[in-house]
Amino acid sequence: MHRATSEGYPVLVTAPYGRDGESVAALLEERGYRAQVCADLGDLSRRLDEHAGAILVTEEALATDLGPLHRALEAQPTWSDIPFILLAGRQAKRHSPAEAVRRRLPANATNVVLLERPLSTESLVSAVASALRARQKQFLIRDQVAELDAERRRLSTLLENLPVGVAFVSPSGETQLANPAFRRFSPEGVIPSMDQRAQERWRAVDPGGNRIEPDGFPGSRSLRGEVVHGMEFIYCGGDAEIWTRISGVPLHDDNGVVTGAISVIVDIDEQKRSQEALAAAARTLEAQVAARTADLEGALERLKAEAADRERAEAALRQSQKMEAVGQLTGGIAHDFNNMLTGVIGALDIMKRRMAANRYDDLGRFMDAAATSAQRAASLTARLLAFSRRQSLDSRAMDVNALIISLEELLRRTMTEKIEVSIAPAADLPAGIVDANQLESAVLNLAINARDAMPEGGKLTIETRVANLDEAYCEARPGVKPGRYVVIAVSDTGVGMDRETVDKVFDPFFTTKPIGQGTGLGLSMVYGFAKQSNGQVRIHSAPGSGTTVSIFVPAAEAPAQGDIRSAGGDVHEGSGQSVLLVEDDDSVRLLVRDVLEELGYETFEAAEALKATELLRSGQRFDLMVSDVGLPGMNGRQLAEIARENHPDLPILFVTGYAENAAIRAGFLGTNMAMITKPFQIEVLSAKISEMLSPP
């Protein structure tokens with residue numbers, strides 16, 4: 001069966017003489033194509049919509065008013081360039097039949113194939129097949145561009161809401177993009193070094209106390225190829241002076257040529273004011289202590305004051321370190337997401353230009369580039385959720401030994417030939433309460449880190465054991481509860497780390513790998529996953545002695561369940577079942593609705609819970625409800641309770657990007673409920689829907 005036929009795109013046929021139209025339609029139906037016979041061009045124009053596959057028209061049909069056809073083509077979407085197959089009669093007196101007949105069509109019919117009669121059946125069928133393949137590519141481009149456009153809007157929303165000012169500039173210093181946090185300091189959007197009033201608005205001094213000129217600002221230096229981290233400036237452009245920290249990062253092409261830069265502005269005014277206030281308080285205290293050094297009471301007061309001073313200094317230091325960590329996290333997020341946004345935005349812009357010029361032959365390369373950037377962004381978001389302990393976990397009693405053993409072949413392929421892989425499962429190991437997919441990801445992350453730590457070869461060992469943590473152990477380690485735990489330890493014989501490095505390994509965006517070879521979120525993700533699973537992570541390492549990372553997860557009292565790790569597969573299509581879609585984001589709702597309809601489901605949609613409630617109480621039969629968790633006014637779980645009042649056996653599939661109350665699925669989901677996480681692939685959505693609609 002032809003692909004175009006399975007998707008229901010008909011060939012519109014107009015041949016006014018005799019039964020020519022019915023004959024052509026019958027021929028196409030025999031070859032597996034859908035065909036609709038139109039009485040004339042007016043009838044064809046009324047049937048022409050964006051779902052039509054191609055138009056087959058004879059020369060004789062063009063002898064009527066072409067106005068309706070012209071208007072119908074003008075009403076087509078911008079991506080649509082429907083193929084025409086024009087059958088012309090051969091005439092001896094006509095010197096240029098192709099051009100003469102072609103001119104009879106409206107000027108906006110640009111995708112035309114002219115065939116002269118008589119012609120063979122195979123020639124006609126071949127032309128129809130070619131036209132439908134070209135049309136199918138248009139549909140594919142339409143869907144992919146819509147998906148990429150939605151992804152770009154989501155990433156742009158993230159950039160717009162970052163609390164850190166970010167601006168992209170061209171090699172000449174012209175601002176290409178600046179978010180609201182950046183425009184707070186520069187309403188015109190220009191970076192400080194390019195501001196005509198830079199001397200008035202921005203003030204900074206070098207270590208020698210000399211004022212820094214705009215040529216030495218981070219923006220100017222980064223456009224010269226220099227990475228500039230955290231120069232402190234006083235912003236004087238408002239009602240009050242504000243302390244800021246400005247960074248500049250150059251952007252390079254594959255040849256190392258600077259193609260622009262990223263400017264980042266962080267408001268550190270509160271931090272600096274606190275430091276200044278603390279310093280002033282310290283000076284006042286020192287003066288008071290100096291005045292009372294004559295007697296014993298003064299000396300005692302001085303000792304107390306010094307103790308208080310140290311305590312405040314330590315609190316200020318902790319606050320400063322916390323702010324530095326936040327700055328490092330947001331700076332890393334801004335850097336990585338801006339790189340990914342550049343890949344998505346740039347590819348979409350090029351595709352729009354090429355589509356406007358009707359150049360479709362090389363769009364796949366740019367689609368792949370944009371899709372790769374979007375997938376990297378999704379992966380980064382997943383790691384951030386893991387680090388923040390807000391990812392959606394499906395924790396169940398799992399056979400940890402079986403899971404580790406199933407990874408052995410993958411681990412051996414991942415390691416180099418110089419690395420020996422050893423799996424040492426403990427006997428009689430109880431089940432662990434854990435999300436199987438996240439544990440698998442954590443083990444693979446640790447294995448890859450171990451491989452990179454053994455460039456000259458060595459041994460990777462993954463072992464399991466049981467640990468009973470008592471009260472004394474947990475009192476010395478806040479956040480750990482006493483009890484029985486299943487431990488998964490990943491050890492290597494690599495270069496190891498010193499104590500200073502070990503203290504930083506769980507910090508976000510900290511990495512010991514060369515630039516470009518690691519995001520610094522791998523161990524942060526492992527740490528966040530373990531803590532969210534009510535467990536912990538322990539690391540032991542020394543230079544030259546290798547490293548061991550141990551993941552503790554609670555041991556289960558019940559026996560292990562089957563392997564529930566999610567896996568990709570074929571797309572599962574429906575058969576007309578009715579689905580209620582509830583999603584407040586217009587872009588996501590549009591995408592999911594189109595996917596559901598593409599899969600063969602009859603879809604009813606609602607942008608908020610109140611509309612969904614009306615549909616649920618309308619008497620309409622629904623086979624499934626797909627709902628976002630985070631809805632305005634009423635969340636998805638509350639809506640599910642209302643749905644069950646009217647449809648007690650209704651399967652409900654939740655879709656979430658981040659919802660704190662849904663972080664642990666076992667405590668969130670009820671009977672015949674399931675959850676998938678955004679962003680998701682069509683295969684995952686179709687498989688989950690098929691699973692929920694299948695009879696038990």
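Ile488 has Ile551 of strand S18 as its bridge partner. This is a predicted model: local features need pLDDT of at least 70, side-chain atom pairs count only at pLDDT 80 or more, and totals for chains, interfaces and linings use all residues. Residues are numbered from 1 along each chain as its sequence is written, and side-chain values use heavy atoms, with hydrogens and water left out. Helices (H or I, at least four residues) and strands (E, at least two) are DSSP runs, numbered from the N terminus.

**The open sheet**

- Strands of a sheet pair through backbone hydrogen bonds, either parallel or antiparallel.
- Two strands count as paired if DSSP finds at least two bridges between them.
- Strand S16 (residues 483-492) and strand S18 (residues 546-554) pair in the antiparallel sense, over eight bridges.
- Five strands make up an open sheet with mixed pairing, in the order S13-S15-S16-S18-S17.
- Strands S13 (419-424) and S17 (536-542) stand at the edges with a single partner strand each, so one side of each has no neighbour in the sheet.
- On average, neighbouring strands of this sheet are turned by 20° against each other, direction ignored.
- Helix H15 (residues 436-452) lies across S13, S15 (458-469), S16 and S18, and runs at about 30° to S16.
- For such angles, axes are lines fitted to C-alpha atoms, for helices over the stretch in contact (heavy atoms within 4.5 Å), and angles run from 0 to 180 degrees between N-to-C directions.

**Helix H2**

- Buried means under 20% relative accessible area, exposed over 50%, and partly exposed in between (1.4 Å probe, protein chains only).
- In H2 (residues 20-30), the buried residues are Gly21, Val24, Ala25, Leu27 and Leu28.
- They sit on the same side of H2, because they cover an arc of only 160° around the axis.
- That arc is taken from the directions from the helix axis to the C-beta atoms.
- The buried residues of H2 pack against strands S1 (11-14), S2 (35-37) and S3 (54-58), and against helix H6 (121-160).
- Just after H2, Gly32 takes a positive phi of about 95°.

**Salt bridges**

- A salt bridge is a side-chain nitrogen of Lys or Arg within 4 Å of a carboxyl oxygen of Asp or Glu.
- By this rule there are 30 salt bridges.
- Glu151 and Arg154 form one (2.5 Å, N to O).
- Both lie in helix H6, three residues apart, about one turn of the helix.
- Glu151 is buried at 14% relative accessibility, while Arg154 is partly exposed at 30%.
- Asp594 and Arg593 form a salt bridge, with their closest N and O atoms 3.4 Å apart.
- Salt bridges that share partners join Asp586, Arg589, Arg593, Asp594 and Glu605 into one network.
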